[in-house]
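Hi there,

Here is the structure I promised to pass on to you.

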Amino acid sequence: MTAVHIPGVPVIDAGQLVSTSPATGAEAGRLPVATDADVRQAVDRARAAGDWWAGLGFTGRRQRMLRWRALLAKRIEQLAELVHVEGGKPTADAIVEIVTAIEHIDWAARNAGRVLGPRRVRSRLILAEFSGHLEYQPHGVVGVIGPWNYPVFTPIGSAAYALAAGNAVVLKPSEYTPAVGQWLVDSFAEVVPEQPVFTAVHGLGDVGAALCRSGVNKLAFTGSTATARKVMAACAETLTPMLIEGGGKDAMIVDSDADLDAAAEACVWGGMTNAGQTCIGIERVYAVDAVFDAFVDKVVTRAGRLTVGPEGTDIGPITMPRQIDVIRRHIDAAITSGGRAVLGGPSAVQPPYVHPTVLVDVPEESAAVREETFGPTLTISRVRDADEAVTRANALSYGLGGSVFGRRRAVATARRLRSGMASINSTLTFAGMSTLPFGGVGDSGFGRIHGEDGLREFGRAKAITRRRARSLLPSMTFERTPADVARLVKAIKVMYGR
């Protein structure tokens with residue numbers, strides 16, 4: 001007897017994970033559910049494959065990763081359609097996501113050797129007889145636990161950099177988007193058929209827990225802060241290092257000298273793209289009093305034009321059905337506590353969709369301001385000046401990204417945001433810039449993907465010293481004499497005693 005599937009809710013049927021569209025209920029894929037033994041076996045196979053992959057060197061890995069990049073570019077429409085069917089994301093948004101992922105694969109492949117390769121490091125006078133050498137060696141096997149909201153861009157942000165650094169990767173995609181994860185793995189296998197360098201294991205949360213305990217050498221996790229704590233506890237059992245990209249409640253600050261049209265356009269994009277299901281999405285806005293009313297009007301006008309539905313629209317369904325309850329609770333809490341809906345409101349929640357909602361006069365202690373909503377909603381608050389805006393923006397335990405619109409004080413204001421990233425006169429743009437690190441602070445996690453820091457995150461720093469000549473100031477030996485120690489003291493006083 002066939003199991004009854006609620007659209008968008010993953011179920012296990014006859015040992016297979018069944019993924020369906022949250023909009024139509026159409027089946028997107030069936031993948032075998034991994035047991036604990038399957039996960040360990042996948043990691044063991046990856047370890048052997050990783051040795052082969054590391055042995056290719058930076059040049060060999062670069063060639064293969066650039067072929068993978070080209071394959072994704074050629075099949076971008078096919079992958080975008082799968083992202084649309086499985087997660088409900090509008091196809092145009094899926095294409096933008098994939099384009100950004102392709103850019104990251106390209107940059108990681110081209111720059112890994114420069115960033116991680118062996119180099120000479122200058123020594124100091126006291127150890128002038130030694131040369132210093134530094135290189136970054138692969139960890140071995142990196143486990144990646146990916147999210148459903150950006151099932152291509154986010155896992156690749158870890159996997160591509162880990163692969164470029166010489167690691168094998170075992171991916172546990174979200175149970176809401178396993179078919180997309182498997183597609184990525186299968187496409188990589190087409191250009192690297194020799195060894196299982198990049199593989200996937202599928203299932204619910206217990207499979208992710210098994211990956212944490214499977215013997216991976218490092219784990220990269222993207223998801224909610226609550227789940228991140230569980231993952232970190234599991235990794236702590238074996239002292240497995242990890243990086244976390246947790247939740248966010250990103251703020252946007254609109255100063256008195258901001259271009260309000262540009263700010264409103266970016267605010268609507270930053271808050272409502274992907275139906276607001278974006279970890280770095282704008283959820284809170286602080287606009288200074290002088291421009292507040294005009295800014296709100298412009299945001300409402302633009303957000304009110306957005307279309308909602310399953311096909312050819314700006315906003316698709318909420319991918320994870322139970323998130324609708326969170327969105328509804330936040331909207332209700334905002335209004336119950338004295339806030340006003342100037343667009344949308346409680347009636348905007350029409351499962352599986354949520355229409356754009358803009359809330360004003362919401363108290364800072366409201367759940368709509370303090371908790372991650374993950375829906376196409378915005379709270380816009382009036383503040384005296386940018387200083388008050390920064391204080392409010394920094395009041396939460398989250399610290400992922402943020403945005404500032406203005407001219408004279410914009411850079412200084414962005415620097416004061418307690419966040420891992422900030423954009424000035426734009427929103428979300430730091431995610432697409434492959435040369436910059438991506439990550440948060442506080443409840444938003446730690447560690448970095450992307451850029452040079454992202455490459456180093458997936459390599460172990462290996463320091464080597466090599467003697468080049470006899471020591472003029474011998475110290476690290478029992479053969480030193482009192483005269484040697486006296487000369488050492490004299491040298492230190494001359495060099496550093498001034």
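Let me start with a charged pair: R110 and D106 meet through their side chains in a salt bridge, with 2.9 Å from N to O. The term salt bridge stands for a side-chain nitrogen of Lys or Arg within 4 Å of a carboxyl oxygen of Asp or Glu. Both residues belong to helix α4 (residues 91–116), and because they are four residues apart there, about one helical turn separates them. Helices here are DSSP runs of H or I with at least four residues, strands are runs of E with at least two, and both are numbered from the N terminus. R110 counts as partly exposed at 39% relative accessibility, while D106 counts as buried at 17%. For those words, buried is under 20% relative accessible area, exposed is over 50%, and partly exposed is in between, using a 1.4 Å probe and protein chains only.

Before going further, a word on provenance: this is a predicted model, in which local features need pLDDT of at least 70 and side-chain atom pairs count only at pLDDT 80 or more, whereas totals for chains, interfaces and linings use all residues. Residues are numbered from 1 along each chain as its sequence is written, and side-chain values use heavy atoms, with hydrogens and water left out.

Side chains of opposite charge can pair when their charged atoms come close. The count of salt bridges comes to 29. One of them joins E371 to R329, with the closest N and O atoms 3.1 Å apart. E371 sits in the loop between α12 (367–370) and β17 (377–383) and R329 in helix α11 (residues 323–336), so this pair ties together parts that are 42 residues apart in sequence. Both ends are partly exposed: E371 has 34% relative accessibility and R329 has 42%. There is also a network of salt bridges that links R114, E452, D453 and R456.

Another pair to look at is E97 with K89, whose closest N and O atoms are 2.5 Å apart. Here E97 and K89 are both buried. K89 also lies over the face of Y150, 3.9 Å from the ring centre. I call a charge "over a ring" if NZ of Lys or CZ of Arg is within 6 Å of the ring centre and within 35 degrees of the ring normal. The charged end of R61 does likewise with F58, at 4.8 Å from the centre of the ring.

**Aromatic rings**

How many aromatic pairs does the count come to? It comes to nine, where rings of Phe, Tyr and Trp (its six-membered ring) pair if their centres lie within 6.5 Å, and planes under 30 degrees apart are stacked, over 60 edge-to-face and the rest tilted. In the pair of W68 and F198 the centres are 5.9 Å apart and the planes stand at 75°, so it is edge-to-face. W68 is in helix α2 and F198 in strand β8 (residues 198–200), 130 residues apart, and the pair links these distant parts of the chain. W68 and F198 are both buried. Y150 and F153 also form an edge-to-face pair, at 6.5 Å centre to centre with 75° between the planes. Y150 is buried at 14% relative accessibility, and F153 is buried at 12%. Finally, ring pairs link W52, W53, W68, F188 and F198 into a cluster.

Helix α1 (residues 36–55) has 20 residues and should span 28 Å at 1.5 Å a residue; its end C-alpha atoms are 29 Å apart, which agrees. The expected span is 1.5 Å times one less than the number of residues. Buried residues of α1 include V39, A42 and W53. The partners they pack against include α2 (57–74), β6 (141–145) and α5 (153–164), where contact means heavy atoms within 4.5 Å. After α1 comes G57, with a positive phi near 75°.

In α11, the buried residues are Q323, I324, I327, H330, I331 and A334. Down the axis of α11 they fall within an arc of 130°, so they line one face of the helix; the arc is taken from the directions from the helix axis to the C-beta atoms. These buried residues pack against β14 (349–350), β15 (353–354), β16 (357–360), α12 and β17. G338 follows α11, and its phi is positive, near 110°.

Best wishes
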